[in-house]
Amino acid sequence: MASLQLCSANPRLALLNPSFKPFLNPRTLKPPKPYQKRKPTAISSVLQWNRKPELAGETPRVVVITSGKGGVGKTTTTANVGLSLARLGFSVVAIDADVGLRNLDLLLGLENRVNYTVVEVLNGDCRLDQALVRDKRWSNFELLCISKPRSKLPIGFGGKALVWLVDALKAREEGSPDFILIDCPAGIDAGFITAITPANEAVLVTTPDITSLRDADRVTGLLECDGIRDIKMIVNRVRTDMIKGEDMMSVLDVQEMLGLALLGVIPEDSEVIRSTNRGYPLVLNKPPTLAGLAFEQAAWRLVEQDSMKAVMVEEEPKKRGFFSFFGG
């Protein structure tokens, strides 16, 4: 009995003798605990609202980013929203549809890696996977340029060629991407018509000024005529100090004028120029800037096909001097 107590007190000795069965006291015997599935030990990154966004709609979602007016931030929006989608875990292919003045590769820092374009793919000089430039920072983000700067585009290139390109991306062996973002050129000429042909959704980038809003309203009508009904807008370069001073239209005024769902509001940020010159998008900055956070939130809403509500910016109360008590 002493050896039995010794073995039960020391489990290592019990392992040496497999035939040994320790004494079990029925008074201290406890029923076994029910099996519980262990949670994975891998630590997942904490995203916005402590969850990952749920992808809505059928994939791939072909989204054209347009404005009509140049210089409002279409290419900046494409770069930052595209990388934000990649950071959320979705596969993204960004197509620079601006033929003569492409800049998306510069904003992404990939200008030295673009060796082949869509023109070479159509001519049979290379494969589609050779023309796709994969970002080293996020391997699920790829860039595809239509042509090289100062090169002549084939006469037959148009909307049908871009539709064929999108279909080829859908039929890739490694799988179809979740998002295909098309950076639309400025204006409403043939380049605009080519860029919007394969798209199912549109993101309209505008600034709160009269010229940009008039062009945005014109582009909205053209998108609806082309059958694109899912149109959301991003209001860029918003300054609350000018809105409070009634020197700039508020986001609520812009939404009432255009009548579109609001995808995001991007504040004026001097870091945009620095990130453009460095080829390093805002959403990768540490610590993040206000504009970078706004782009990430816009990408989050794009994934879930959600929108935000604009609020009225209250005017600052006027300071009253000493003589105001006497009616001055």
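What share of the contacts in the protein chain with a separation of 6 or more comes from residues 24 or more positions apart? Such residues account for 75% of those contacts, where contact means heavy atoms within 4.5 Å. This is a predicted model, in which local features need pLDDT of at least 70 and side-chain atom pairs count only at pLDDT 80 or more, while totals for chains, interfaces and linings use all residues. Residues are numbered from 1 along each chain as its sequence is written, and side-chain values use heavy atoms, with hydrogens and water left out.

**The chain as a whole**

- The protein chain has 13 helices and 8 strands. Helices (H or I, at least four residues) and strands (E, at least two) are DSSP runs, numbered from the N terminus.
- The protein chain has 328 residues, and 43% of them count as buried. Buried means under 20% relative accessible area, exposed means over 50%, and partly exposed lies in between (1.4 Å probe, protein chains only).
- The accessible surface of the protein chain is about 19500 Å². Carbon and sulfur atoms hold 54% of that surface. The areas come from the Shrake-Rupley method with a 1.4 Å probe; for residues, only the protein chains shown count as cover.

**Helices α3 and α13**

- Helix α3 covers residues 74-87, and helix α13 covers residues 290-303. Their axes come within 9 Å and cross at roughly 65 degrees. Axes are lines fitted to C-alpha atoms, for helices over the stretch in contact, and angles run from 0 to 180 degrees between N-to-C directions.
- The two helices are therefore roughly perpendicular to each other. Angles of 65 to 115 degrees count as roughly perpendicular, under 35 as roughly parallel, over 145 as roughly antiparallel, and the rest as oblique.
- α3 passes α13 in a right-handed crossing. A crossing is right-handed if the near helix is turned clockwise from the far one by less than a right angle, and left-handed if anticlockwise.
- On the α3 side, the contact uses T76, T77, N80, V81, S84, L85 and R87. They meet F295, E296, A299, L302 and V303 in α13.
- By class, this contact of α3 with α13 has 6 nonpolar, 4 polar and 2 charged residues. Ala, Val, Leu, Ile, Met, Phe, Trp, Tyr, Cys and Pro count as nonpolar, Asp, Glu, Lys and Arg as charged, and the others, Gly among them, as polar.

**Helices α9 and α11**

- The axes of helix α9 (residues 210-225) and α11 come within 10 Å and cross at roughly 35 degrees. The crossing of α9 and α11 is right-handed.
- L213, A216 and D217 of α9 make the contact with V254, M257 and L258 of α11. The contact of α9 with α11 has 5 nonpolar, no polar and 1 charged residues.

**Backbone exceptions**

- Most residues other than glycine have a negative phi, and most peptide bonds are trans.
- The peptide bond from T59 to P60 is cis, with omega near 0 degrees. P60 sits in the loop between α2 (11-16) and β1 (61-66).
- K286 and P287 are also joined by a cis peptide bond, with omega about 0 degrees. P287 is in the loop between α12 (271-278) and α13.
- E246 is not a glycine, yet has a positive phi of about 60 degrees. E246 lies in the loop between α10 (240-244) and α11 (251-258). E246 counts as exposed, at 60% relative accessibility.
- Q305 has a positive phi near 50 degrees. Q305 is in the segment after α13, and is partly exposed at 35%.
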